[in-house]
Amino acid sequence: MKRAHTLNVAQITPQGTEAVLIEFHLQSEDLQKFQFKPGQYLTLGVEVDGAAHWRCYSITSRPVDLPNVSVLVKRVVNGRVSNWICDNVKAGSAIEVLPPAGQFMLREPGKPVVMFAGGSGIAPIYSLARQALELSDSNVVLFYANRDRASTMLKDELEALPNSTRGRLDVRYWYDAESGYPTHELLAEYVSSSADNDVYLCGPEGFMRAVEGGLDHAGCSLAKLYKEEFGAALDDNEDTQDDGVERTLAVSIKGERHTLPIKASETLLSAMLNAGLNVPHACKVGECASCICRVEQGNVKQMENSVLDEDDVAEGLALACQSRVLSDLVHIRFS
């Protein structure tokens, strides 16, 4: 299990109207544990209303910027943690932070890429775009969508990049309030002429589905698509897509079997805790492996995962805090 480190906040910088950039300063004893690669994230732990909560936020600084490291935190409608952070964290605050994690990285750093970012999904996309520009002479095409101009994050940082990369970054800013939601046909334009390029994507679930639809419309293979999905890092009460159908989750633990309802938008862990089950868990963000279970029946969708390898998944293991039901009935077992 990873150990959390207490990091001091060196600076807070507003990003648009709804987000902040939090810069931590690492002590020398923490440096080795916090080496990272562009595209990875930090997991922050805070106490809200007497309860500990953990959430993942993508790193926006460069590895060479250590001992300082920054993450982007955006407000969420009714969000418990992100809103608390934006309202309460100041320079000098001390926060519990788990070491960097995540597998959302450039596959071929020298290859031209097409990138899509929605809202705060710009954080890892910005890091990968900057790395791609620094490591080669290849071009980077970026489609960046926000609700409106005022809420746009990291815009100054993005606009500074072409000055040092000879204009190889082509950014299209999109504002839903002005132009509506981007269509499959429009999104397809950004990949149809670059069919051989890798595509990187991060953003709200609806935006990500729209981009996937655009790829399909353009006839591009989803095998070239790499996504960052912070499904389990969603704040409590954050709006998620739900088809309204109630499914069934069966849980075997300590010799007993429990049956409970579960929504498509809930993680297995959330449903079990809401039902009052005493199941093993700790960080709730897929970092500590405390909630590993075995899927005995049915199918689940596993989101962020830096704990289980392909063999574990093939054997039916899953992280309860990172998994959602895909079938009408899912039966899981805890050892």
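**Notes on the loops and helix pairs of this predicted model**

1. Let's start with Gly 167, which sits in the loop between α3 (155-164) and β9 (169-175). Helices here (H or I, at least four residues) and strands (E, at least two) are DSSP runs, numbered from the N terminus. Gly 167 has a relative accessibility of 52% and counts as exposed; the cut-offs are under 20% relative accessible area for buried, over 50% for exposed, and partly exposed in between (1.4 Å probe, protein chains only).

2. A word on the ground rules. This is a predicted model, in which local features need pLDDT of at least 70 and side-chain atom pairs count only at pLDDT 80 or more, while totals for chains, interfaces and linings use all residues. Residues are numbered from 1 along each chain as its sequence is written, and side-chain values use heavy atoms, with hydrogens and water left out.

3. Next, the loop between β8 (140-146) and α3, where you will find Ser 151. Ser 151 is buried, at 3% relative accessibility. Beyond its neighbours within four places in sequence, Ser 151 is in contact (heavy atoms within 4.5 Å) with Gly 16, Thr 17, Glu 18 and Asn 146. Leu 154 lies in the loop between β8 and α3 too, and is buried at 1% relative accessibility. Do look at its backbone: phi of Leu 154 is near 55°, a positive value in a residue other than glycine.

4. Lys 254 also has a positive phi, near 55°, and is not a glycine. Its place is the loop between β12 (246-253) and β13 (256-263). Lys 254 counts as exposed, with 72% relative accessibility.

5. Now for Gln 35, in the loop between β2 (19-25) and β3 (41-48). Gln 35 is partly exposed, at a relative accessible area of 49%. Setting aside residues up to four places away in sequence, Gln 35 touches Leu 66 and Pro 100. Its side chain also reaches the backbone oxygen of Leu 31 at 3.1 Å. By contrast, 28 Å separates the C-alpha atoms of Gln 35 and Gly 16, which are 19 residues apart along the chain.

6. Leu 66 has another feature to check: a cis peptide bond joins Leu 66 to Pro 67, with omega about 20°. Pro 67 belongs to the loop between β4 (51-58) and β5 (68-74).

7. On to the helix pairs. Helix α2 (residues 122-135) packs with α3 at an angle of about 10°, their axes 11 Å apart. Axes are lines fitted to C-alpha atoms, for helices over the stretch in contact, and angles run from 0 to 180 degrees between N-to-C directions. That makes α2 roughly parallel to α3, given that angles under 35 degrees count as roughly parallel, over 145 as roughly antiparallel, 65 to 115 as roughly perpendicular and the rest as oblique. Ile 122, Tyr 126, Arg 130 and Leu 133 of α2 meet Glu 157, Leu 158 and Leu 161 of α3.

8. Finally, helix α5 (residues 184-192) and helix α6 (residues 205-217) pack at about 65°, with axes 7 Å apart. The two are therefore roughly perpendicular to each other. On the α5 side, the contact includes His 184, Leu 187 and Val 191; on the α6 side, it includes Arg 209, Val 211 and Leu 215.

Note on methods: Polar contact = N/O pair within 3.5 Å; in protein donor to acceptor, adjacent residues only side chain to side chain.
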